[in-house]
Amino acid sequence: MPSEEEKAALRPLAEPMPYWLATFRPGMPFPFKEFKESRVIVYPGSGTDGRPVELFGSTHAAHCFIYADYLRPRTDIEEALDHPAYGFRGYRSLCRVTLSEGDLTPRKWRPHVYPVEVDYTFREHHVAPFGFLEVLEREDGFDDAHGPERLAIVFLGADGIATYDALFCQEGATRGPFGLVVIDHGFGGGYARFDNGGLLHSLAKRCSVFPEYLWVPYESSVPWNEYHPVEIHGQERPALYKRAQRIGGED
């Protein structure tokens, strides 16, 4: 679980709820441009792990998230969201909006990962591609100390590396995500690593698109070398990292 010390380090970064999210109503089209211009936390290989939402969401440091996993079917995600014990505590679903590829990449997209770098060893286990937006609304009886009034999570049945490429590395992209969760799941079905020197890191360098923060909670994953740990009192092993200031324009 995220530590209280990590949460305390993020609370000074609290932001107001994005206007598009505050005014969003069921039946409205998904304003993806506004979503992506918000602070977004990207979690490749996410499964149903709610910890990044607890860390960045409960501290109001970010309201928007992208979860991408090609091994978890939509039914698993929806069952977890709707389950009283496994869903996000203190939140109910305001709406669930099915998304098409065109909703996310209306101008199509050009891959920056070469075919030789991709090895879908577990392709036979891949789920049918899907995408949906889940807007969560805080329940009565909970206040700002628990988390913001609303959260927005885009769930994708998709390759996490391709997701980063398609949504943040295309021509005209203005910035990378606010945060990236870096957890390599070993034998969990990933064809490439997300941590330092892995394919996702190479993609970020290739396109010069970096998140501002990394959350690397496990020792088995190595933070990218462009980042330095956020100093957190009482924490033996750092897990939260911030991008180091660039020197001379070089990463």
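Modeller: What follows is a short talk about a strand, its partners and a pocket. Keep in mind that this is a predicted model.

Biologist: Why is strand β4 called largely enclosed?

Modeller: A residue counts as buried under 20% relative accessible area. In β4, residues 131-138, seven of the eight residues are buried. So the rest of the structure largely encloses β4.

Biologist: How do you know that β3 and β4 pair?

Modeller: Pairing takes at least two bridges between two strands. Seven bridges join β3, residues 91-98, to β4. Therefore they count as a pair. The two run antiparallel. Y91, for one, has R138 in β4 as its bridge partner.

Biologist: What makes β4 and β5 a pair?

Modeller: The cut-off is again at least two bridges. Between β4 and β5, residues 150-156, there are seven. So they pair too, and they run antiparallel. Here L133 stands opposite V154 in β5.

Biologist: Now the largest pocket. How much space lies in it?

Modeller: About 620 Å³. Its lining has 22 residues. Nearest its centre lie K36, P106, R107, E171 and G172. The elements giving two or more residues to that lining are α3 (32-37), α6 (101-104) and α7 (160-168). The largest share, four residues, comes from α3.

Biologist: Which classes of residue make up the lining of the largest pocket?

Modeller: There are nine nonpolar, four polar and nine charged residues. Asp, Glu, Lys and Arg count as charged, so K36, R107 and E171 belong to that class.

Notes. Residues are numbered from 1 along each chain as its sequence is written. This is a predicted model: local features need pLDDT of at least 70, side-chain atom pairs count only at pLDDT 80 or more; totals for chains, interfaces and linings use all residues. Side-chain values use heavy atoms; hydrogens and water are left out. On a 1 Å grid over the protein atoms alone, a cavity is a set of points where a 1.4 Å probe fits but cannot get out, and a pocket is an open set with protein on both sides within 12 Å along at least five of seven lines; lining residues have an atom within 4 Å of a point. Grid points are joined across faces, edges and corners, and a volume is the space filled by probe spheres set on the points. Buried means under 20% relative accessible area, exposed over 50%, partly exposed in between (1.4 Å probe, protein chains only).
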